[in-house]
Amino acid sequence: MSPPTTTPAAGISAADFSWVRDFVRRESAIRIDEGKEYLVVSRLGPVAAAHGISDLGQLVERVKAQPRGRLSVDVVDALTINETSFFRDVHPFQSLVTDVLPELMRANATTRRMRIWCAAASSGQEPYSVAMAIHEHLPALLGWDLQILATDISRAVLARAAHGEFSHLDVNRGLPASMLVKHFQRQGARWRISDDIRRMVRFEHTNLIGPWAAPRGTDVVLLRNVLIYFDDATRNDILHRMRQTLVPGGYLGLGGTETTVGAPTDYDRVTFGRSVWFRTVQEPPL
């Protein structure tokens, strides 16, 4: 039998890399492209060390033996994409408070109920940005039955998000200085978000290809910069289920390069200034 082929620079055999790609795709629908051995090694090296495993080949064998164990969860967590920042891209947050939420507030004036879901919340910057934007620009909503749900596939980043503590680099990426002063307290080399903002957000674990924490009747869903990591079939399935989750007239926010084109469901493209949203206008399909 020939020895396993290993990419010396990457430190993982071709067979193990292929197995990790398939495993992560089965568990999360996230695609890891060919040639990304360096990414797998850099992300899984610390996981192996934390579990007392000497090399990635041994790590793969342990995951195969216990595909539902703690190590398997840590592998998927490590290979999910957690790129985020406060008020990322700016314009969607501006239109959220100047157009999207005011329109929904008029529609929901009788019930005084608002449900917002950040469906790939990562370490919390997006849902906390939504909470701060509401606090600053739509204080009337604070007296409503307002819920901001933040979900992610990674339990590790959700735990950090719920704690509400950020590095100096984190708060220097997109967060206005006035909001840093108003809504954060410095704790040594880190910054802790205020309890008033933290209590506005509820964090729950959700895998977008599994059962969702968000029920039907959601007014706004932010699913930004996530669909690009899925294949067409998975993307269309998620958009279809989002359509069922949103209220008629509800809004879906995607990343700047993402669209609902080709999805088997009906959204209307709406432009507010320099941002694009997708609005549901019909009763969601059964």
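For the charge count here, Lys and Arg are positive and Asp and Glu negative, while His and the chain ends are left out. Each charge is placed at NZ of Lys, CZ of Arg, CG of Asp or CD of Glu. On that basis the chain carries 33 positive and 31 negative charges, and their mean positions are 3 Å apart.

A word on what you're looking at: this is a predicted model, where local features need pLDDT of at least 70, side-chain atom pairs count only at pLDDT 80 or more, and totals for chains, interfaces and linings use all residues. Residues are numbered from 1 along each chain as its sequence is written, and side-chain values use heavy atoms, with hydrogens and water left out.

**The overall fold**

The chain has eleven helices and twelve strands (DSSP runs numbered from the N terminus: H or I of at least four residues for helices, E of at least two for strands). With a radius of gyration of 20 Å against the 19 Å that the globule rule gives for 286 residues, the chain is as compact as a globular protein of that length. That radius is taken over C-alpha atoms, and the rule is 2.2 Å times the number of residues to the power 0.38. The C-alpha trace spans about 70 × 50 × 30 Å along its principal axes.

Of the 286 residues, 52% count as buried (under 20% relative accessible area; exposed is over 50%, partly exposed in between, with a 1.4 Å probe and protein chains only). As for contacts (heavy atoms within 4.5 Å), 73% of those with a separation of 6 or more join residues 24 or more positions apart.

The whole structure holds ten aromatic pairs. Rings of Phe, Tyr and Trp (its six-membered ring) pair if their centres lie within 6.5 Å; planes under 30 degrees apart are stacked, over 60 edge-to-face, the rest tilted.

| Pair | Centre to centre | Angle between planes |
|---|---|---|
| F86 and F166 | 5.1 Å | 70 degrees |
| F86 and F184 | 5.8 Å | 90 degrees |

F86 sits in the loop between α4 (70-78) and α5 (91-107) and F166 in strand β5 (residues 165-167), so this pair ties together parts 80 residues apart in sequence. F184 is in strand β6 (residues 184-187), so its pair with F86 ties together parts 98 residues apart in sequence. F86 and F166 are buried, and F184 is buried too. Ring pairs link F86, Y128, F166, F184 and F203 into a cluster.

**A look at E204**

E204 belongs to strand β8 (residues 201-205) and is partly exposed, at 31% relative accessible area. Beyond its neighbours within four places in sequence, E204 contacts L149, A150, T151, D152, L158 and A213.
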